[in-house]
Amino acid sequence: MRAEYPDFRLGNVLATSFTGTLSERCGNPIERIPTPQRLIDWLAVYGLAVKACTTAQFNRARDLREAIHAAATAAAIGRALPASAVRVINDCSAQGRAAAFLTPEGKRQWKLGSASSVEDALGVIAADAISILAGERDGKLALCASPSCQAAFFDTSQSRTRRWCDMGTCGNKEKKARFNANRRGKAR
Ligand SMILES: [Zn+2]
């Protein structure tokens, strides 16, 4: 049953991994969280296990995703952040009741509020987006060079010259296209 859904593309940065649940945005978009259950599954992968997800919470999650996408894209190209996107991100941040916990190994974990609700999880994602958009973290927002993707991603490479949102998909696709173009060139 699960196999019919597109795989998740898991990145290291929570907020932009979340926006990546809708990929190929400038081509034939692939929705990777098409149902509330898939959102629950995705959140669990990121240590944000929630008990249930209503349709309203699901829609809220997608609103937040699109708000982060809009704000991150604007930041990547040096434009002003859209006010509506900022509002949604701030609202989601305010509604979450998650707390940061320090593990004995010195890692940070998020503990959702007593209801372990979607709002708590979205609050964590919104806070992650805020820390990136506010320039608090070591890295730079950029847009994927794949024409059918153009997703905003957070480049933490030393040289800040990463071109793809995801090496396994967009990077590979581009490599393959170059390889095929080369081969066609040689055949001629
Ligand atoms: Zn991409």
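Trainee: Okay, so a residue is buried if 20 or more other C-beta atoms lie within 10 Å of its own, exposed if 12 or fewer, and partly exposed in between, with C-beta atoms placed from the backbone. Is Lys51 buried or exposed, then?

Mentor: Lys51 is exposed, because 10 other C-beta atoms lie within 10 Å. Before we go on, this is a predicted model: local features need pLDDT of at least 70, side-chain atom pairs count only at pLDDT 80 or more, and totals for chains, interfaces and linings use all residues. Residue numbers start from 1 along each chain as its sequence is written.

Trainee: Got it. Where does Lys51 lie?

Mentor: Lys51 is in the loop between helix 2 and helix 3. Helices (H or I, at least four residues) and strands (E, at least two) are DSSP runs, numbered from the N terminus. From C-alpha to C-alpha, Lys51 is 7.7 Å from Ala115, and they are 64 residues apart in sequence.

Trainee: And Leu39, buried or exposed?

Mentor: Leu39 counts as buried because it has 24 C-beta neighbours inside 10 Å. Leu39 lies in helix 2. Leaving aside neighbours within four places in sequence, Leu39 is in contact with Ile33, Cys53, Phe58 and Ala61. Two residues are in contact if their C-beta atoms, placed from the backbone, lie within 7 Å.

Trainee: How far is Leu39 from Cys53?

Mentor: Their C-alpha atoms are separated by 8.1 Å, and the two residues are 14 apart along the chain.

Trainee: Switching to helices. At what angle do helix 3 and helix 4 pack?

Mentor: About 130 degrees, with the axes 8 Å apart; helix 3 covers residues 55-76 and helix 4 covers 83-95. Axes are lines fitted to C-alpha atoms, for helices over the stretch in contact, and angles run from 0 to 180 degrees between N-to-C directions. Helix 3 and helix 4 are therefore oblique to each other. Angles under 35 degrees count as roughly parallel, over 145 as roughly antiparallel, 65 to 115 as roughly perpendicular, and the rest as oblique.

Trainee: Which residues of helix 3 meet helix 4?

Mentor: Asp63, Leu64, Ala67, Ile68, Ala70 and Ala71 in helix 3 meet Ala85, Val86, Val88, Ile89 and Cys92 in helix 4. By class, that contact has 10 nonpolar, no polar and one charged residues. Ala, Val, Leu, Ile, Met, Phe, Trp, Tyr, Cys and Pro count as nonpolar, Asp, Glu, Lys and Arg as charged, and the others, Gly among them, as polar.

Trainee: What about helix 3 with helix 5, what angle there?

Mentor: About 0 degrees, with axes 11 Å apart. Helix 3 and helix 5 are therefore roughly parallel to each other. Their contact divides into 12 nonpolar residues, one polar and one charged.

Trainee: And helix 4 with helix 5, what angle?

Mentor: Helix 4 and helix 5 pack at about 130 degrees, with axes 7 Å apart. They are therefore oblique to each other. The contact of helix 4 with helix 5 has seven nonpolar, three polar and one charged residues.

Trainee: So which residues touch the most other members of the largest nonpolar core?

Mentor: Leu64, Ile68, Ile89, Ala121 and Ile125 do, out of 43 residues in that core. A nonpolar core is a set of buried Ala, Val, Leu, Ile, Met, Phe, Trp, Tyr and Cys residues joined through C-beta atoms within 7 Å. Helix 5 gives the largest share of this core, nine residues. Leaving aside neighbours within four places in sequence, Ile125 is in contact with Leu14, Ala15, Phe18 and Leu64.

Trainee: What is the phi of Glu24?

Mentor: Near 50 degrees, a positive value in a residue other than glycine. Most residues other than glycine have a negative phi. Glu24 sits in the loop between strand 1 (22-23) and strand 2 (30-31), and Glu24 counts as partly exposed because it has 17 C-beta neighbours inside 10 Å. Gln150 is not a glycine either, and has a positive phi of about 55 degrees. Gln150 lies in the loop between strand 5 and strand 6.

Trainee: Last one: is Cys144 buried or exposed?

Mentor: Cys144 is buried, because 25 other C-beta atoms lie within 10 Å. Cys144 lies in the loop between strand 5 and strand 6. Leaving aside neighbours within four places in sequence, its contacts include Cys149, Gln150, Cys165 and Cys170.
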